[in-house]
Amino acid sequence: MNGFAELRRPESAKLSAIAARAETLRERYGELDGEDLLRVMLEWQHKGRIALVSSFGAEAAVLLDMVARIDPATPVIFIDSGKLFHETLSYRDILVQRLGLTDVRSIEPALFDLGGHDPDGALWQRNPNLCCYLRKVLPLERALSEFDAWITGRKRDQGGERGDLTTIEAADGRIRFNPLANWSTDKINDSFKERGLPRHPLSDEGYASIGCAPCTVPVSGDAGARDGRWQGRAKSECGIHHARWSSNSL
Ligand code: SF4
């Protein structure tokens, strides 16, 4: 026993069925993105069984606004790891009110998961992968248990593991939609202006991708947006988007 909950692997048959469904959805809707893709999934294909997972970070407002325009009662899951910038919490509150979102669920890590692993709150220094697992991956998995699909704001131009991103994918026994996968940073910036959306307070200070305070720094010059995350470490993702199980690994 590790002293924290281990995720249960979905049954093989379920993983295969989800992979097949993702393929079918890609054939039918692979040409759609942004609000067009969201509308089909929120109002029809996954109505009542889908949530948006949002960091309320640097670019999050565009996707939140799209979802709010379609259905402001869409469940929005926000992972409050306990290590976020206070500016992010304020920004969440501003956007919730501004966009009229009525079902934003701020989830936190469970004390019984953190247990003896992070007594001083500095696990991020000793073992950031375990810290992300306890503070983000496990809480999200529990929050997603009532949904069979979720939406993320990831984009291919963020690079790294996101370079091959598709708008519709199968991941860990659920369908995952990435409506902004094809969008550039310029297109996001234009959308902020068109929609009259406020920026995250740290955007003006050079934070291009905003996660937990101990693991995020501003970037400058030609640096990629995600270069400011876990700087100096061999880590570029927190793990919530990693496929832990796929039909290919059966
Ligand atoms: S980003 Fe850093 S502080 Fe946040 S959960 Fe991961 S390791 Fe911990």
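**View 1. Surroundings of Leu-63 in the predicted model.** Leu-63 touches Leu-52, Ser-54, Gly-153, Pro-179 and Leu-180, leaving aside residues up to four places away in sequence; contact requires C-beta atoms, placed from the backbone, within 7 Å. Residues are numbered from 1 along each chain as its sequence is written. Because the model is predicted, local features need pLDDT of at least 70 and side-chain atom pairs count only at pLDDT 80 or more, whereas totals for chains, interfaces and linings use all residues.

**View 2. The largest nonpolar core.** Ala-51, Leu-63, Leu-64 and Ile-175 touch the most other members of this 57-residue core. Helix H3 (residues 60-70) gives the most to the core, with 8 residues. A nonpolar core is a set of buried Ala, Val, Leu, Ile, Met, Phe, Trp, Tyr and Cys residues joined through C-beta atoms within 7 Å; buried denotes 20 or more other C-beta atoms within 10 Å of a residue's own. Helices are DSSP runs (H or I) of at least four residues, numbered from the N terminus.

**View 3. The shell around the ligand.** Pro-128, Cys-131, Cys-132, Cys-212 and Cys-215 come nearest among the 13 residues around the ligand, where a C-beta atom placed from the backbone must lie within 6 Å. Helix H7 (residues 128-143) supplies the largest share of this shell, 5 residues. The shell divides into 8 nonpolar, 2 polar and 3 charged residues; Ala, Val, Leu, Ile, Met, Phe, Trp, Tyr, Cys and Pro count as nonpolar, Asp, Glu, Lys and Arg as charged, and the others, including Gly, as polar.

**View 4. Burial in the chain.** Of the 250 residues, 38% count as buried.

Conventions
A residue is buried if 20 or more other C-beta atoms lie within 10 Å of its own, exposed if 12 or fewer, and partly exposed in between; C-beta atoms are placed from the backbone. Helices (H or I, at least four residues) and strands (E, at least two) are DSSP runs, numbered from the N terminus. Two residues are in contact if their C-beta atoms, placed from the backbone, lie within 7 Å.
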